[in-house]
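Dear colleague,

I am passing on the structure below, followed by some notes on what was found in it. Please read them with the model open beside you.

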Amino acid sequence: MTSREMLLRKISTYAFAIYEYRLFLDTHPDCTEAMEYFQKMHRIRHEAVKEYTQRFGQIISYHI
């Protein structure tokens, strides 16, 4: 697996975690631990997208 593919896989993994925690927070809005994890994953995904963009250019199809 190339470094590009590995980075895309990481971004997808972080996006999945964000999506799942967003659903969880819909039913548990006062769970501070879940909110902290959601925010952490959001930051990490943002940094991974930033790294990808710097190294390989813009991600064409990107959601969340």
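Does Tyr37 count as buried, exposed or partly exposed? At 32% relative accessibility, Tyr37 counts as partly exposed, where buried means under 20% relative accessible area, exposed over 50%, and partly exposed in between, with a 1.4 Å probe and protein chains only.

This is a predicted model, in which local features need pLDDT of at least 70 and side-chain atom pairs count only at pLDDT 80 or more, while totals for chains, interfaces and linings use all residues. Residues are numbered from 1 along each chain as its sequence is written, and side-chain values use heavy atoms, leaving out hydrogens and water.

The structure holds three aromatic pairs (rings of Phe, Tyr and Trp, the last by its six-membered ring, with centres within 6.5 Å; planes under 30 degrees apart are stacked, over 60 edge-to-face, the rest tilted). The rings of Tyr21 and Tyr37 have centres 4.6 Å apart and planes at 45°, so this pair is tilted. Because Tyr21 lies in helix H1 and Tyr37 in helix H2, the pair ties together parts that are 16 residues apart in sequence (helices are DSSP runs of H or I, at least four residues, numbered from the N terminus). Tyr21 is partly exposed, at 30% relative accessible area, and Tyr21, Phe24 and Tyr37 form one aromatic cluster.

Tyr52 and Phe56 also form a tilted pair, 5.1 Å centre to centre with 50° between the planes; both lie in helix H2, four residues apart, about one turn of the helix. Tyr52 is buried, with a relative accessible area of 3%, whereas Phe56 is partly exposed at 28%.

Best wishes

Methods:
Helix = DSSP H or I, 4+ residues; strand = E, 2+ residues; numbered from the N terminus.
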